Each structure stands twice: as C-alpha cells, then as structure tokens.
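Subject: Structure for your files

Dear colleague,

Here is the structure I said I would hand over. My notes on the ligand site and the pockets follow below.

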Amino acid sequence: MIKLENVTKKYLTGNTALSNITLTINRGDFVFLVGPSGSGKTTFFRLLTRQTIPTSGYISIGDWDLVKLPNKKIPNLRKNIGVVFQDLKLLRDRTIYENIMFPLEVGNFSPKDAAKRVQEVLEQVGIVEHKDKFPLQLSGGELQRAAIARALAFSPEIILADEPTGNLDNATSWEIVKLLQDINSKGTTIIMATHDTNIVDNLLKRVITLEKGKLVKDEVRHAKHK
Ligand SMILES: Nc1ncnc2c1ncn2[C@@H]1O[C@H](COP(=O)(O)OP(=O)(O)O)[C@@H](O)[C@H]1O
Ligand SMILES: [Mg+2]
C-alpha cells in the first residue's frame, strides 16, 4: 500500500508543487492521476521513487518509510517501482535491447538471466522484432512500449506511468492503456498520470485530481446513466 499523510513539497525555487496531500493507494489498483500541466503529477512520482523528499509529511510504500529510507536502500526501492518517464529517458546511442539490459546488469543480474528477462519483457510489450533498433528508429507507440518494458524489468509491484499517451494518436493511446491494464491484471499496481479525458472518462477507474498542487478530487468513476 502507498500512503501519503499531509505531504507538502516545496522546491528550492519557492514553488509549492504539492500541498498537504493525504491519500492511500491499495495494492493491485489502477489509478489515474490527472490535472493540468504544473499541477504536481511528476513531483508526486518523484516522491514515490525517492528522487526527492517531501518538505513535510509522511510517505510510505509497504513497510518502507520513504522519508527515513537510507540512501543505500534506494536501489531496492527502485527495483520495486518501475517508472515510465514523461520524457522516456531511453538512451539514444543504445539499442532497445541494450536499454532494457543496462539496468538489469547494474542491478546484479547475471548476463544470462538478464538476457532472458529482456526477452520476456520485450515479448510482453510486443516489440521483440524491434529489439536491435535504436530509439530514433521507432514510432511513438513503440517507444512507449520500450519504456514500459524497461519499467517491467525487475518485476516491480508498482508501475508509475507519466503521461504515457501524451504524444500518441487516439488509437495508439488505447493500445498503450490496454497494455497497462494487462500488466495491472497480473497484480501490478499502476498509477498513470494523464490529461487524456477520453481515456479517463471511458475506463471507470479511480481518478485522483490535482490542481496547483492540491488534491481537489478523488473519486471512483461509474458508468453514467443515459
Ligand atoms: N525541479 C524543480 N524545481 C523547481 N520547481 C519545479 C521543479 N519541478 C517541478 N517544479 C514546479 O513544480 C510544479 C509542479 O510540477 P510538476 O510536478 O512537473 O507538474 P506536472 O507533472 O503536473 O506538470 C510546477 O509549478 C513546476 O514548475
Ligand atoms: Mg509532468
């Protein structure tokens, strides 16, 4: 379970990116995090991966207290939380295969186990045939799949997807959302930041809405009566 209590994040510039957020997200949930640009979505994700710490408040994931977590435990935390970054962060001078292999090697997988795992996640996201291409040779949807594959590499319990459909057409967006739902159906908690009202209005999931760093709405969508 992910738990935030009265979490505020002020950046050194004086910007309050998140203000007094209290919420919990249960294991296995699929949650949308919505709100206009600048509302604090990416900051929320950065707090969950300990890329930054809150100015005040408490955050935990399972038994981990993220405020007190010693630096040496951060790699373990990050193996348990796969991130699909808003800007993907795929290395341009490495193939898709190498991009997924790289964190596994750093994360102490043997070359043989890493190779096996890369193959598995490439199959899971459906881009095996593109594995030897470089990022610039892939379409937007294929790049998202590659970033999702890398996020899956350590079989995390949680995936944070930061606007994964932001640059995609409608049909491709739905394919990516279906892939995330498929991953969720196997037990992985998914938090997807998005502005895509078409997707949010159609999926009937929990929707957490941020505005200027404040939690303004937290509701489970139900089908509308016609
Ligand atoms: N590293 C940073 N330093 C200073 N301000 C930041 C930083 N990152 C984000 N912000 C500010 O925090 C607010 C929330 O940003 P962000 O979390 O990126 O929102 P979103 O992902 O919803 O667009 C914005 O006002 C943004 O300018
Ligand atoms: Mg963002």
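Helix 1, residues 41–48, gives the largest share of the shell around ligand 1, with three residues. Please keep in mind that this is a predicted model.

The residues around ligand 1 are Y11, T13, N15 and A17, together with P36, S37, G38, S39, G40, K41, T42 and T43. Sorted by class, this shell holds eight polar residues, three nonpolar residues and one charged residue.

Side chains make polar contacts with oxygen atoms of ligand 1 at these residues:

- T43: a polar side-chain atom lies 2.5 Å from an oxygen atom of ligand 1.
- K41: the distance from a polar side-chain atom to an oxygen atom of the ligand is 2.8 Å.
- N15: an N or O atom of the side chain is 3.4 Å from a ligand oxygen.

On its own, ligand 1 has 560 Å² of accessible area, and the protein covers 65% of that.

The largest pocket has a volume of about 650 Å³. It is lined by 20 residues, of which R78, F85, P103, R150 and F154 are the closest to its centre. At least two residues of the lining come from each of helix 2 (74–80), strand 6 (81–84), helix 3 (96–106) and helix 5 (140–152). Helix 3 supplies the largest share, four residues. The lining of this pocket has ten nonpolar, six polar and four charged residues.

The second largest pocket contains about 160 Å³ of space. Its lining consists of M1, I2, I25, N26, R27, I61, G62, W64, N80, E157, I158 and T189. By class, six of these residues are nonpolar, four are polar and two are charged.

One residue of that lining has a few further details. T189 belongs to strand 8, which covers residues 189–194. Is T189 buried or exposed? Its relative accessibility is 3%, and because buried means under 20%, T189 counts as buried. A polar atom of the T189 side chain also lies 2.8 Å from the backbone nitrogen of G28.

To put the two sites side by side: the shell of ligand 1 has one charged residue, and the lining of the largest pocket has four. The ligand shell has three nonpolar residues, while the lining of the largest pocket has ten.

Regards

Note on methods: Residues are numbered from 1 along each chain as its sequence is written. Chains are lettered from A and ligands numbered from 1 in the order in which they are written. This is a predicted model: local features need pLDDT of at least 70, side-chain atom pairs count only at pLDDT 80 or more; totals for chains, interfaces and linings use all residues. Side-chain values use heavy atoms; hydrogens and water are left out. A residue is near a molecule or strand if one of its heavy atoms lies within 4 Å of it. A polar contact is a pair of N or O atoms within 3.5 Å; within protein, one must be able to donate a hydrogen and the other to accept it, and residues adjacent in sequence count only if both atoms are side-chain atoms. Accessible areas come from the Shrake-Rupley method with a 1.4 Å probe; for residues, only the protein chains shown count as cover. Ala, Val, Leu, Ile, Met, Phe, Trp, Tyr, Cys and Pro count as nonpolar, Asp, Glu, Lys and Arg as charged, and the others, Gly among them, as polar. On a 1 Å grid over the protein atoms alone, a cavity is a set of points where a 1.4 Å probe fits but cannot get out, and a pocket is an open set with protein on both sides within 12 Å along at least five of seven lines; lining residues have an atom within 4 Å of a point. Grid points are joined across faces, edges and corners, and a volume is the space filled by probe spheres set on the points. Buried means under 20% relative accessible area, exposed over 50%, partly exposed in between (1.4 Å probe, protein chains only).
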